[in-house]
Amino acid sequence: MTTATTRRVKRLPLLGWSFIFTVYSLLGIGLIVLMTVSSALLVLTVGLPLVVGFAYSIRGYNDVYRLWAGHILGTSVIRPYRPIPKGNLFSRLRVIGSDPATYRDYAWLWINAILGFAISLVSLALFASTIFYGIMPGLVQIVPEGVLDLYLGPVEVSRTQNTLLYWVFALISFGPWWWLAPKMMVGYARLAAVMLGISERARLSLRVDALASSRAETVGTQAAELRRIERDLHDGAQARLVALGMSLGMAEEMLSNNPAVAQELLTEARQSTSLALSELRDLVRGIHPPVLSDRGLTGGIQALAIGSPLQVQVDVVLPARLPAPVESAAYFAVAEVLTNAAKHSGATEAWVRARHVRGSLSVLVGDDGRGGVVQDSAGGLHGIERRLNAFDGTMHISSPVGGPTIVSMELPCVPE
């Protein structure tokens, strides 16, 4: 436990958690009894649904400790369970029984019933003693002499000495509570995170799976992008350049015999040249917008806001230029979100906010549309998530029915 972690912990909220967990741990004792009895009944048919049901209950019960430990430690405690199939009870029981997290859950119930209950009770008892001994000096002064006096064997203690002794006892209780309670509760939270969170080996396995999936999606996306560029070149600029060559050839043949027709062909060739250049610019802009190279992400987002049919407010404060791939990924993500908002949300206004905080680019895009956005595996939002995953980025969507819709994106990066 670091000093910084202890300093972040507020003692009065911990006192509330101590009271809650003192009672909540007793509920865990009930789950221990029920799970043990239902496991013994597995030889009978009735034990199967009971074990599966109580396994789900224990997981939900321990979710409270995961959320609390994540809040205390300033991190997220990931649920470590293997996916449970939707088949019959036997298949579910087989997955639950073969999952190491199930046994760690059950072990946590026992540890929490003893250690967790003791830690919570000690914290409450020290605080209660502080309050009790803290109010006693005042009561000693208003009650008849001898009613609340302390007795130290044959030694007579005066009222003033009684008051001082109560203050001493209050300080003796307050000191350990002030110093020890945060350390005990943070240690308790760390133990919960270790017991109930995902193990380092499993975390690494998930990370490898995520990287493999991200790499596969990135390769597929690049292949699709190359096919799109090839198709656009073939159907657009290439066809116009071929037509341009034919027009110039015909104009060359007609120049001496029919100058008027040659002039028309040259005019048509000039128009084809302009169209081909325009299509090439659009193609290049789709690969890497020139505005990003010239003005960075700030200028790129401002250009998107100007070109959007919505009224877009831009609030971008970045310390310096970011790596070009990150700027490109963020630019196209914002462009996709604004395009979706203009097409599907019924919004009239939108806003974009971007900051670089603690080693990550944070981008928020919101609109005042009807909300209810659902992420589709074949939709544009999934494409944004896939693009961000290539940089270890994340995307979260908040879109209640009725709006507003807010898309938050984070990309780890270091300014250049």
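Arginine 66 has its place in helix H3 (residues 47-73), where helices (H or I, at least four residues) and strands (E, at least two) are DSSP runs numbered from the N terminus. The structure is a predicted model, in which local features need pLDDT of at least 70 and side-chain atom pairs count only at pLDDT 80 or more, while totals for chains, interfaces and linings use all residues. Residues are numbered from 1 along each chain as its sequence is written, and side-chain values use heavy atoms, with hydrogens and water left out.

Arginine 66 is buried, at a relative accessible area of 4%; buried means under 20%, exposed over 50% and partly exposed in between, with a 1.4 Å probe and protein chains only. Its side chain is joined to that of aspartate 63 by a polar contact of 2.6 Å, a term for a pair of N or O atoms within 3.5 Å, of which, within protein, one must be able to donate a hydrogen and the other to accept it, residues adjacent in sequence counting only if both atoms are side-chain atoms.

The table lists contacts (heavy atoms within 4.5 Å).

| Residue | Contacts, leaving aside neighbours within four places in sequence |
|---|---|
| Arginine 66 | Arg59, Val77, Arg79, Pro80, Tyr81, Asp105, Leu196 |
| Leucine 297 | Leu292, Leu318, Leu322, Glu327, Ala330, Tyr331, Leu361 |

Five strands form an open sheet of mixed pairing in the order E1-E2-E3-E5-E4, two strands being paired if DSSP finds at least two bridges between them. The edge strands, each pairing on one side only, are E1 (311-317) and E4 (394-398). Strand E3 (residues 360-367) pairs with strand E5 (residues 405-412) in the antiparallel sense over eight bridges, and serine 360 has proline 412 in E5 as its bridge partner. Helix H9 (residues 290-307) packs on the sheet, touching E1, strand E2 (349-357) and E3, and its direction makes about 175° with that of E1. Helix H10 (residues 324-345) lies across E1, E2, E3 and E5 and runs at about 10° to E3; axes are lines fitted to C-alpha atoms, for helices over the stretch in contact, with angles from 0 to 180 degrees between N-to-C directions.

In the largest nonpolar core, of 36 residues, Leu297, Val334, Leu361 and Met409 touch the most other members; such a core is a set of buried Ala, Val, Leu, Ile, Met, Phe, Trp, Tyr and Cys residues joined through side-chain atoms within 4.5 Å. H10 gives the largest share of this core, 11 residues. A second, separate core has 32 residues, including Ala69, Leu109, Met185 and Ala192.
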